[in-house]
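Subject: Structure handover

Hello,

Here is the structure I promised to pass on. Please open it alongside this note.

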Amino acid sequence: MLSLSRITATLFATFALSTGAAHAAPIEVTASFSILGDMVREVGGDRVNVQTLVGPDEDTHGFQPRPSDSRRIGSAQLVVANGLGFDDWMIRLARSGGYTRPVVIASTGIDTLAKGAGDHDHDHDHDHGTGEGIDPHAWQDVGNALRYVNNIAAALIDADPAGADEYRANAERYSGQLKALDAEIHKALGSLPRERRKVVTSHAAFGYFAHAYNVEFLSPVGVSNNAEPTAKGVAQLIRQLRKEKVAAIFVENISDPRLSERISAESGAVMGGMLYSDALSTTAGPAPTYIAMMRHNLHTLMAALTSAPPAR
Amino acid sequence: MSLNELLFAPFADFGFMRRALAGCLALSFGATPVGVFLLLRRMSLMGDAMSHAILPGAALGYLAFGLSLGAMTIGGILAGLVVVFAAGLVTRASVLKEDASLAAFYLLSLAAGVMIVSLRGRNLDLLHVLFGSVLALDDQSLLLIASITSLTLFGLALLFRPLVLECFDPSFLRAVSRLSPVAHYGFLLLVVFNLVSGFHALGTLMAVGIMILPSAAARLWTRSLPAMLLFASLSALASSIAGLLFSFHADVPAGPAIVLMCGLVYFASLIAAPGGLLAGRLPSRKHLES
């Protein structure tokens, strides 16, 4: 009985969807993750209805598609993925969901960086599938985001030629904002002396940011996701911070705030806040859009890097 | 690796190691003597039960006020006291014996604790807290642990006579003095305090280890109470140092390393000590009674 009613509901939904499309209502776009979704929303404006498969605050790396995702992607008129091995499952999912047009790869045409290009002794096991050796987090450089926007605009125009002017205007406006953001980041970080621009972080996602804005990101030694930190690990981390004269540290896997305080007190490095790398926050959070996310990261970095210089 | 690098440099170079050492020193001279009395009163397992009983209090304090030393301490102490006195009341007023009533209350307390822990979505933080953080002792925690140790030494000195009597002949004490309940509950108060103190340094799960293991080892070597207290405290301190160094050099978590070192001393004593396994088998010696 239940399954019957569900089938009926699905039939009605499909019917509603198809009639909706016939009325030239917003075109349905499915993006793989929240940052991409935000960009599509900016460029598409009212003409598109964007769904993201991996929502805010969710991890794209560990994404497990559900049947409903397959259905959603199948009914989309445009599917946008990041590429570079970040969301390969998207392409497979689109095929199996019945989506026949080519999947738009937003990162097409950017200069890729090798994994770990932004830091030394990179021992993270950051497996992104087939994009072996290439760092997929290209959006961390706003210059690349401009390329994303161009690609998205071209794809939207292709899918919905009637809205071409609107898409072009939106892309132009948004690109202007992104250029301003890019300049803002350059200016703020450029105002710091070179030796202060050194950060330890457990995120492996800032290679492009490091490359574009001349900030050195080191991965922390000694601490991992173990349930309890070891004396050796803590000592190694403190030694690293002292030796490299690191100004700030952003680590997520030291979740005991008392331990962070001790490390910070002994190494002179400031414990920074939270950096967003792979996903936006929810609208209640500090990084609900791509621009807000980059700005939040910048402010967090600046706050940590400009506060009390290492006391040594 | 020179001797200096092996033994002294870790403490000389890193403040967190010195703090860990100071915390362990305090525990060795506070919690461990309490453990000796627990052992002698045949209440070794009660320490374990109590350590679970303080969990919901500490967890509630954490949930309400975050990682606040005060809130977690007060919460833990309150939960411990509620369980101790409720169990005592039931023991005195019903047919249940002390172990049964204590077991009932600590199990309830533990269940409540687990429920509270899982109510919070991000329970990972709390797990870290429950596992303790001997490597992350700040000034406040150290002060708290040291204060509890001072209080404990003072309290043990005050209660020494009645406690010793209760250890060896509880009915005699009850017959000759009305101080029996005072000694009993005063002692349980100290147990709760020291479990909370140990919980800040080593976590709820490990705190009992540094109380009971050195005490059991000491009991194997001597029947004299002062010698037992001294041996237990010194071996607890030595185990702490060895455990911290082991954690430092071998890259293992510090809390379990310390307790395992205590265990090593216990096993060595079990084999070699006069009260241990081998001694009893020797024909020339009289069998030692516990």
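This is a predicted model: local features need pLDDT of at least 70, side-chain atom pairs count only at pLDDT 80 or more; totals for chains, interfaces and linings use all residues.

Residues are numbered from 1 along each chain as its sequence is written, while chains are lettered from A and ligands numbered from 1 in the order in which they are written.

Chain B

Chain B has 13 helices and zero strands. Helices (H or I, at least four residues) and strands (E, at least two) are DSSP runs, numbered from the N terminus. Of the 290 residues in chain B, 47% are buried (20 or more other C-beta atoms within 10 Å of a residue's own, with C-beta atoms placed from the backbone). Take the contacts in chain B with a separation of 6 or more: 69% join residues 24 or more positions apart. A contact means that two C-beta atoms, placed from the backbone, lie within 7 Å.

Look at α8(B) (residues 139-168) and α10(B) (residues 180-202). They pack at an angle of about 155 degrees, with axes 9 Å apart. Axes are lines fitted to C-alpha atoms over the stretch in contact, and angles run from 0 to 180 degrees between N-to-C directions. The angle makes α8(B) roughly antiparallel to α10(B) (the term covers angles over 145 degrees). By class, their contact has 12 nonpolar, nine polar and one charged residues. Nonpolar means Ala, Val, Leu, Ile, Met, Phe, Trp, Tyr, Cys and Pro; charged means Asp, Glu, Lys and Arg; the others, Gly among them, are polar. Residues in the contact include L144(B) and I148(B) from α8(B), and F187(B) and L190(B) from α10(B).

Helix α4(B) spans residues 55-65, and its buried residues include L55(B), P56(B) and Y62(B). G66(B) follows α4(B) and has a positive phi, near 70 degrees.

Chain A

Strands β1(A) (residues 27-33) and β2(A) run parallel, joined by six bridges. Strands pair if DSSP finds at least two bridges between them. A31(A) has T52(A) in β2(A) as its bridge partner. Five of the seven residues of β2(A) (residues 48-54) are buried, so β2(A) is largely enclosed by the rest of the structure.

There is also an open sheet of four strands in chain A, with parallel pairing and the order β6-β5-β7-β8. Its edge strands, β6(A) (216-218) and β8(A) (270-271), each pair on one side only. Two bridges link β7(A) (residues 248-250) to β8(A). There, A248(A) stands opposite V270(A).

Best wishes

Terms used
A residue is buried if 20 or more other C-beta atoms lie within 10 Å of its own, exposed if 12 or fewer, and partly exposed in between; C-beta atoms are placed from the backbone. Angles under 35 degrees count as roughly parallel, over 145 as roughly antiparallel, 65 to 115 as roughly perpendicular and the rest as oblique.
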